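Subject: Structure handover

Hello,

Here is the structure for you to look through. My notes come after it.

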Amino acid sequence: MPIVVNVDVMMARRKMSLTELANRVGITLANLSILKTGKAKAIRIETLEALCRALDCQPGDLLEYVETELELVDR
Amino acid sequence: MQRLLTMLFYGELLFLFVLTPIGIVLFVRSTHPTSSVIRVQKPGEPEADQGQQLSKTQSPLSKQQRNNEEPNSWMSSYLEINATVNPYWRHVRYTKWATFLKTPLPVRIDNTSAVYISKAPSASSTHHLEYRWSSWADFRTLPLRVILLTIVYPLLTIVLTVVITYMGKRLFDGITQRGFFEQQQVSRLTTIGWLFMGYGLSEFIIHVLKFWYVRTALLDYGLVMSPTVRLGWGWPAGSATFFVGAVILTLAHVFTYGLQLRQEHELTI
């Protein structure tokens with residue numbers, strides 16, 4: 001998937017554990033793990049908002065668009 | 001429902017693997033008098049003797065009766081041959097149904113004489129032509145294709161019924177354990193749908209083939225028909241399962257969509 005989730009990078013920068021983040025955002029550890037590993041199909045605006053508040057960052061810090069090789073070939 | 005299907009499944013297995021072979025063995029070893037008479041019984045007519053033969057020159061209807069029948073184009077009858085080949089021991093119950101549902105033909109068909117089917121009692125009436133065999137030797141006198149189709153049809157019905165019941169049982173087991181919106185359950189429902197469709201289609205094909213071969217066999221026996229009688233093959237009731245299968249497949253598509261929605265919902269954070 002060309003959208004890369006950088007939650008783990010921001011967590012490392014803020015020195016925050018997975019459990020702490022889950023508690024602050026109000027989602028389960030399992031769901032946070034799904035988001036972190038890039039398996040999530042969609043993210044709610046309110047979850048993104050809570051993540052940005054907890055990690056003190058912008059949505060762009062958490063999500064990044066990376067072009068795949070296939071898309072580069074298509075150009 | 002789950003218990004019912006389980007009981008049904010084991011009952012069918014018992015029927016398929018125990019009772020059917022015993023029945024076949026007992027019947028093949030039976031010593032009933034042989035009979036090669038194909039006949040249709042008149043309402044109220046007493047049972048004819050098994051093995052009663054007509055001479056080659058003797059017609060089932062007298063010459064006077066034949067002459068009285070004018071070809072009448074506006075009142076032609078449709079004779080549907082629902083040809084069945086039944087063992088004698090099923091006869092009693094079957095005749096009851098045949099009498100209720102279909103009007104018997106006033107004709108006797110014998111393989112040693114010319115066969116004459118006069119006009120049917122009413123237009124568009126359906127008749128049931130039954131060949132009763134009372135011994136294995138008797139059954140073997142039939143054309144090979146008719147024998148094969150006679151064996152294949154019930155076998156196909158029993159096997160598919162067992163498979164469909166088994167799949168239904170597994171489907172309900174899966175629903176109880178995991179819920180409906182699972183890939184496994186949707187796959188099982190799809191398989192059941194295809195099995196139903198396959199059954200309906202094969203029943204239709206067998207029915208048409210059976211009609212065709214029985215018709216050919218009757219013509220070989222010397223079947224002569226009045227111009228007012230048309231032969232047809234009718235529509236087998238069992239082929240409705242084709243549409244049942246189509247409905248189940250449509251339902252499976254709906255559940256596939258439901259499964260996608262559920263997965264999306266689960267993976268939305």
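Below is what was found, chain by chain.

This is a predicted model, where local features need pLDDT of at least 70, side-chain atom pairs count only at pLDDT 80 or more, and totals for chains, interfaces and linings use all residues. Residues are numbered from 1 along each chain as its sequence is written, chains are lettered from A in the order in which they are written, and side-chain values use heavy atoms, without hydrogens and water.

Chain A

Mean pLDDT (the predictor's confidence in each residue, from 0 to 100) is 86 for chain A, with 91% of its residues at 70 or more. Confidence is lowest in helix α6 (residues 69-74) of chain A, at a mean of 66. It is highest in helix α4 (residues 45-55) of chain A, at 91. Helices here are DSSP runs (H or I, at least four residues), numbered from the N terminus. Where pLDDT is low, the predicted coordinates should not be read in detail.

Several residues of α4(A) are buried, including A:L48, A:L51 and A:L55. Buried means under 20% relative accessible area, exposed over 50%, partly exposed in between (1.4 Å probe, protein chains only). Just after α4(A), A:D56 takes a positive phi of about 50 degrees.

Chain B

B:F15 sits in helix α1 (residues 2-28) of chain B. B:F15 is partly exposed, at 41% relative accessibility.

B:S202 belongs to helix α6 (residues 183-221) of chain B. B:S202 is buried, because its relative accessible area is 18%. Its side chain reaches the backbone oxygen of B:Y199 at 3.0 Å.

Best wishes

Definitions and conventions: Helix = DSSP H or I, 4+ residues; strand = E, 2+ residues; numbered from the N terminus. Polar contact = N/O pair within 3.5 Å; in protein donor to acceptor, adjacent residues only side chain to side chain.
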